[in-house]
Amino acid sequence: MAGDVGTELLRDRISDLPDAILVSILSLLRLDEAARCTVLASRWRCLFTSTLLLNFNANMPGRRDIIGTVNSILAAHPAAPVRSFSAGWSFLPRDQDLSGGGWLQELARRGVEELFLDFNFRDWSHRIPDSLFDCSSLKRLRARYCTFPDVPKAGAAPPLARLTEIELWRVSISDESVNFLLSQCTALERLKMNATSKFGRVHIRSPSLKVLDSDGDFDELFVECAPSLEWLFGHYMYMKGGSRRVCLRIAHAPKLKFLGYLGMNFEKIEIGETIFTEDRINVKTLMPSLKTLAIEVSYTEEGYIDWIIQLLNLFPCLEVLYITILGPGSKLLHQSRGTC
């Protein structure tokens with residue numbers, strides 16, 4: 001019996017695991033650590049080759065033909081899967097064609113799940129290739145300093161069905177593309193847009209969206225149907241209202257917990273059947289789900305205290321209130337947080 005126990009202890013159980021699990025384990029190691037595993041056996045050398053590009057960091061400072069290099073690396077490892085791809089190409093020439101060689105299309109074929117694209121910080125001229133929409137396995141997208149591609153033609157198969165998170169920083173993107181992402185990416189939970197191009201009308205019709213975090217640089221935000229939405233934040237939405245007359249409409253967001261920033265200079269705030277305009281306040285629909293509200297007021301505006309009181313009537317279960325107080329010339333005077 002003792003001999004049986006000793007034999008059991010000496011058994012190499014790790015080698016009994018299928019290749020897919022071993023590749024997953026190797027992918028969690030640093031590249032040099034994974035390389036050292038190749039001395040174990042010939043099987044591990046093959047496994048290392050399979051994991052080589054699993055997390056492909058294509059940041060190559062000082063290299064001129066970055067696109068060509070990426071295509072060459074992919075061609076040298078035709079069977080290597082790619083789970084995540086990161087590109088920090090800050091000094092690309094303005095006339096560089098990002099679609100050259102089909103690298104993004106190849107990443108799509110290999111089932112890429114995460115894309116981090118950071119381009120020339122001096123302008124937004126570089127355009128993400130249209131093959132972005134071929135990345136059917138993509139779950140997370142982060143892009144900086146670039147132009148978002150146009151939406152696919154009508155009738156095409158729904159793209160990016162697994163995409164759950166989008167983060168855009170200084171990205172030029174059209175109203176049509178934003179609204180397309182909000183309506184067609186059926187698994188999208190988080191959309192963050194900061195310092196992006198100005199929008200006209202943003203239309204939220206998404207069963208999955210939980211968080212919309214933006215600068216609030218749009219003319220109209222219409223939440224038509226967002227049953228999962230919990231966080232709606234426009235950092236400077238109240239500041240846009242002064243010159244662009246922002247309109248906020250919320251038709252259906254039963255789980256909304258955070259809303260801000262709202263201000264008296266909005267052209268219209270419409271929540272259900274409740275309407276707030278410059279000369280009309282009509283409270284009919286309440287929003288009991290809201291727990292946190294952020295508002296902006298100017299003490300120079302007549303009736304701002306009544307406006308706050310009427311607004312608070314909409315949210316009977318409010319717990320936290322953030323107030324930003326502006327003075328003449330929209331100068332920030334005070335910010336405060338209070339519990340209700």
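A residue counts as buried if its relative accessible area is under 20%. The exercises below apply this to a predicted model.

**Exercise 1. Sort the residues of strand β16 by the way they point, and state how far the strand is covered.**

Solution. 
1. β16 spans residues 292-298.
2. Thr292, Ala294, Glu296 and Ser298 point one way from β16.
3. Leu293, Ile295 and Val297 point the other way.
4. In a regular strand the side chains alternate between the two faces of the sheet.
5. Both sets are buried, so β16 is mostly covered, with seven of its seven residues under the 20% limit.

**Exercise 2. Identify the strands that pair with β16, and the sense of each pairing.**

Solution. 
1. β12 pairs with β16 in the parallel sense, over four bridges.
2. In this pairing, Leu259 has Leu293 of β16 as its bridge partner.
3. Strand β17 (residues 320-326) also runs parallel to β16, joined by seven bridges.
4. Here Ile295 has Ile323 of β17 as its bridge partner.

**Exercise 3. Explain on which side or sides of helix α9 its buried residues lie, and list what covers them.**

Solution. 
1. Helix α9 covers residues 304-312, and its buried residues are Trp307, Ile308 and Leu311.
2. These residues cover an arc of only 100 degrees around the axis, which means that they lie on the same side of α9.
3. An α-helix has 3.6 residues a turn, so residues three or four places apart point the same way.
4. The cover over the buried residues of α9 includes β12, β13 (268-271), β14 (274-277), β15 (281-282) and β16.

**Exercise 4. Describe the aromatic pair formed by Phe233 and Phe258.**

Solution. 
1. The structure holds 11 aromatic pairs.
2. Phe233 belongs to strand β10 (residues 231-234) and Phe258 to β12 (residues 258-263); the two are 25 residues apart, and the pair links distant parts of the chain.
3. Both Phe233 and Phe258 are buried.

Definitions and conventions: Residues numbered from 1 in each chain as written. Predicted model: local features only at pLDDT ≥ 70, side-chain atom pairs only at ≥ 80, totals over all residues. Heavy atoms only, no water. Phe/Tyr/Trp six-rings, centres within 6.5 Å; stacked < 30°, edge-to-face > 60°. Buried < 20%, exposed > 50% of the residue type's maximum accessible area, 1.4 Å probe, protein only. Arc of directions from axis to C-beta. Contact = heavy atoms within 4.5 Å. Pairing = 2+ DSSP bridges.
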